[in-house]
Amino acid sequence: MDYKIIEKGTKKYIEVISADNPLNNEQDALDLISLSWENEIRQQMLHGEVLSEEFFNLKTGVAGKMLQKFINYGIRVAAIIPAKVANTGRFREMVLETNKGNAFRVFATREDAENWLINS
């Protein structure tokens, strides 16, 4: 997994840029949570490329299971997912719902994702 720790003033987050294998199960979510705990950083930015096709297909249940792990362990996640993917089918409905909360949100740009992580 390729990641870096970003510091903006007194705030920090982990930016996950790429993964050898796309993230597609609860264990992958737990690996991200472990990464946060090891670095004492409870915020992450995930680039859409690190998420598997199964994540975007809500019938598989992958997204729900992963998001529930993040919520249970108090990890805030900003995902950068292009609008053409985020606005497709049932995944769009999930994005609209999760973007109302404060645990997981989807953004079209890195800048918007970072602003949410740093300023909220």
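Which residue just after α1 takes a positive phi? Just after α1, that residue is E40, with a positive phi of about 55°.

1. Basis of the note. The model is predicted, and local features need pLDDT of at least 70, side-chain atom pairs count only at pLDDT 80 or more, and totals for chains, interfaces and linings use all residues. Residues are numbered from 1 along each chain as its sequence is written, and side-chain values use heavy atoms, with hydrogens and water left out.

2. Dimensions of helix α1. Helices (H or I, at least four residues) and strands (E, at least two) are DSSP runs, numbered from the N terminus. Helix α1 comprises the 14 residues 26-39, and at 1.5 Å a residue it should span 20 Å; the expected span is 1.5 Å times one less than the number of residues. The end C-alpha atoms of α1 are 20 Å apart, which agrees.

3. Start of helix α1. A side-chain oxygen of N25 reaches to within 3.0 Å of the backbone nitrogen of Q27. A polar contact is a pair of N or O atoms within 3.5 Å; within protein, one must be able to donate a hydrogen and the other to accept it, and residues adjacent in sequence count only if both atoms are side-chain atoms.

4. Buried side of helix α1. The buried residues of α1 are D28, A29, L32, I33, L35 and S36 (buried: under 20% relative accessible area; exposed: over 50%; partly exposed: in between; 1.4 Å probe, protein chains only). They cover an arc of only 150° around the axis, which puts them on the same side of α1; the arc is that of the directions from the helix axis to the C-beta atoms. These buried residues pack against β1 (2-8), β2 (11-18), β3 (43-47) and α3 (62-72), where contact means heavy atoms within 4.5 Å.

5. The sheet. The order β1-β2-β3-β4-β5 describes an open sheet of 5 strands with mixed pairing; two strands pair if DSSP finds at least two bridges between them. β1 and β5 (104-107) stand at the edges, each with a single partner strand, so one side of each is left without a neighbour in the sheet. On average, neighbouring strands of this sheet are turned by 20° against each other, direction ignored. Axes are lines fitted to C-alpha atoms, for helices over the stretch in contact, and angles run from 0 to 180 degrees between N-to-C directions.

6. Helix α6. This helix (residues 110-119) packs on the sheet, touching β1, β2, β3, β4 (76-80) and β5. The direction of α6 makes about 170° with that of β4. Its buried residues are A113, E114, W116, L117 and I118.

7. Strand β3. β2 and β3 run parallel and are joined by 3 bridges; I14 has Q44 as its bridge partner in β3, and V16 has L46. Because 5 of the 5 residues of β3 are buried, the strand is largely enclosed by the rest of the structure. Q43, M45 and H47 point one way from β3, while Q44 and L46 point the other way. H47 is buried, with a relative accessible area of 16%. Leaving aside neighbours within four places in sequence, H47 is in contact with E15, V16, I17 and I80.

8. Residue I75. Located in the loop between α3 and β4, I75 is buried, with a relative accessible area of 1%. Leaving aside neighbours within four places in sequence, the contacts of I75 are I33, S36, W37, R42, Q44, F70 and A103.
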